[in-house]
Structures are given as C-alpha cells and as structure tokens.
Amino acid sequence: MKTKCYNSGPISTLPYEVAISNFHIADYVIRQHVGLTPINPMRKWALPRNWPWALHMLKDLLLMMTCRSIYFQAGWSSSRGARIEHRVAEWLRMERYYEEVVLCVE
C-alpha cells in the first residue's frame, strides 16, 4: 500500500466549488506525480459545511496525523488553516511537497 499524503490548501477563503476543484486536481497530482495516496479533508470524514471552523480544523489535524507526508496547494500560505497544518507538519517532521505556480507572460 502506498504511503498516505494529506492534501492541504485554502477552503474557507474560496467559493466552495473552486475549493472542491482545487482539491480534486491536487489529489490527481499527489497520486500521479508524487506517487502517494491522497487524503482529502474535503472528502474523508467530511463534516457539515455549516459546522464551526475550529471543529473542521480539529478533524483535519487528526486526519493529517494519519499521514507521513503532506502536499500544499498553491496559495496555502494565504489560508489560516493551511498555515496551521504547515506548522504541525514541521513539528511532526512530515515530508512536505509544495505545488508550484507557473505564471505565463505573453
């Protein structure tokens, strides 16, 4: 079985459909390019969207700690939750992967 990799990125600062799409794309990248099994907090143990942010974070951190590595989507540093996940990942010495953003100028 492949090692699990937690998928981290902005959720509450984006329209819900955009966040879902970003996590779906990142799952593909984790599986196909990183070679690990993605763990998506928007799918796994999903809580109702209207529950408090702190409960979502608690659930996400517990889920994250079942993984050996973590993948940070572009824009992660603008997300309070992803920044918390980053600090915890550093503390746990998890292997970290970062999505690169490529800007094209014509």
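Select Arg80 and Trp53 first: Arg80 lies over the face of Trp53, at 3.6 Å from the ring centre. A charge sits over a ring if NZ of Lys or CZ of Arg is within 6 Å of the ring centre and within 35 degrees of the ring normal. This is a predicted model, in which local features need pLDDT of at least 70 and side-chain atom pairs count only at pLDDT 80 or more, while totals for chains, interfaces and linings use all residues. Residues are numbered from 1 along each chain as its sequence is written, and side-chain values use heavy atoms, with hydrogens and water left out.

Next, select Arg49 and Tyr16. Here the charged end of Arg49 is placed over the ring of Tyr16, 3.7 Å from its centre.

Continue with Phe72, Trp76 and Tyr98, which form one aromatic cluster. The structure holds three aromatic pairs. Rings of Phe, Tyr and Trp (its six-membered ring) pair if their centres lie within 6.5 Å; planes under 30 degrees apart count as stacked, over 60 as edge-to-face and the rest as tilted. Phe72 and Trp76 make a tilted pair, at 5.0 Å centre to centre and 45° between the planes. Phe72 and Tyr98 are stacked, with 5.4 Å centre to centre and 20° between the planes. Phe72 belongs to strand S3 (residues 69–72) and Tyr98 to strand S4 (residues 95–98), so this pair ties together parts that are 26 residues apart in sequence. Strands (E, at least two residues) and helices (H or I, at least four) are DSSP runs, numbered from the N terminus.

Now colour by accessibility, where buried means under 20% relative accessible area, exposed over 50% and partly exposed in between (1.4 Å probe, protein chains only). Phe72 is buried at 0%, whereas Tyr98 is partly exposed at 39%.

Select Cys5 and Cys67 next. Their sulfurs are 6.9 Å apart, too far for a bond. Cys5 is buried at 0%, and Cys67 is buried at 8%. The structure holds zero disulfides, a disulfide being a pair of cysteine sulfur atoms within 2.5 Å.

Finally, display Ile11, Ser12, Met42, His56 and Asp60, which lie nearest the centre of the largest pocket, among its 28 lining residues. On a 1 Å grid over the protein atoms alone, a pocket is an open set of points where a 1.4 Å probe fits, with protein on both sides within 12 Å along at least five of seven lines; lining residues have an atom within 4 Å of a point. Helix H2 (53–64) is one of the elements giving two or more residues to the lining, and H2 supplies the largest share, five residues.
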